[in-house]
Amino acid sequence: KQWYQRRVRGTRYGQGAVRNPIMQADLMNQEPLTPQVLNAARPEEQKQMLGEKLYPIIQSMQPELAGKITGMLLEMENSEILHMLEDSASLTSKVNEAVAVLQAHQQKLADQQKIAK
């Protein structure tokens with residue numbers, strides 16, 4: 001859960017980023033990402049490629065939190081993310097875990113606001 005904790009206050013995935021619609025369309029139409037394809041890309045492109053695959057899946061599960069959850073999951077090792085893209089049960093479990101962390105964080109903020117009043 002540590003990697004989730006770091007992302008709770010961070011920006012949402014893709015927020016403020018300039019996206020290339022052609023590149024985005026190309027990524028969506030590609031074959032599933034493999035370690036070989038990922039390793040051929042520059043390190044900064046690897047997370048982008050993984051995020052472009054993760055986001056639509058997460059958006060279908062948690063539309064309101066998709067950006068935040070995608071950003072949280074991108075903190076993981078690339079090999080773990082690839083595994084989640086291949087194993088929907090693993091991805092669902094991580095998404096549920098991320099939602100629980102975000103809800104706990106929201107509750108903590110709400111409790112702090114009550115105390116401050």
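**Reading the packing**

Q: Which residues are buried in H5?
A: Buried means under 20% relative accessible area, against over 50% for exposed and partly exposed in between (1.4 Å probe, protein chains only). In H5, Ala66, Gly67, Lys68, Ile69, Thr70, Gly71, Met72 and Leu73 are buried. That is 8 of the 8 residues, so H5 is largely enclosed by the rest of the structure. Helices are DSSP runs (H or I, at least four residues), numbered from the N terminus. The model is predicted: local features need pLDDT of at least 70, side-chain atom pairs 80 or more, while totals for chains, interfaces and linings use all residues. Residues are numbered from 1 along each chain as its sequence is written, and side-chain values use heavy atoms, without hydrogens and water.

Q: How many residues has the largest nonpolar core?
A: In soluble globular proteins, nonpolar side chains tend to be buried together. A nonpolar core is a set of buried Ala, Val, Leu, Ile, Met, Phe, Trp, Tyr and Cys residues joined through side-chain atoms within 4.5 Å. Here the largest has 22 residues; Leu50, Ile69 and Val95 are among those with the most contacts inside it. H4 (43-61), H5 (66-73), H6 (78-86) and H7 (88-116) each supply at least two. H7 gives the largest share, 6 residues.

Q: At what angle do H6 and H7 pack?
A: Axes are lines fitted to C-alpha atoms, for helices over the stretch in contact; angles run from 0 to 180 degrees between N-to-C directions. H6 and H7 pack at about 115°, with axes 5 Å apart. Angles of 65 to 115 degrees count as roughly perpendicular, so H6 is roughly perpendicular to H7.

Technical notes: Parallel < 35°, antiparallel > 145°, perpendicular 65-115°, else oblique.
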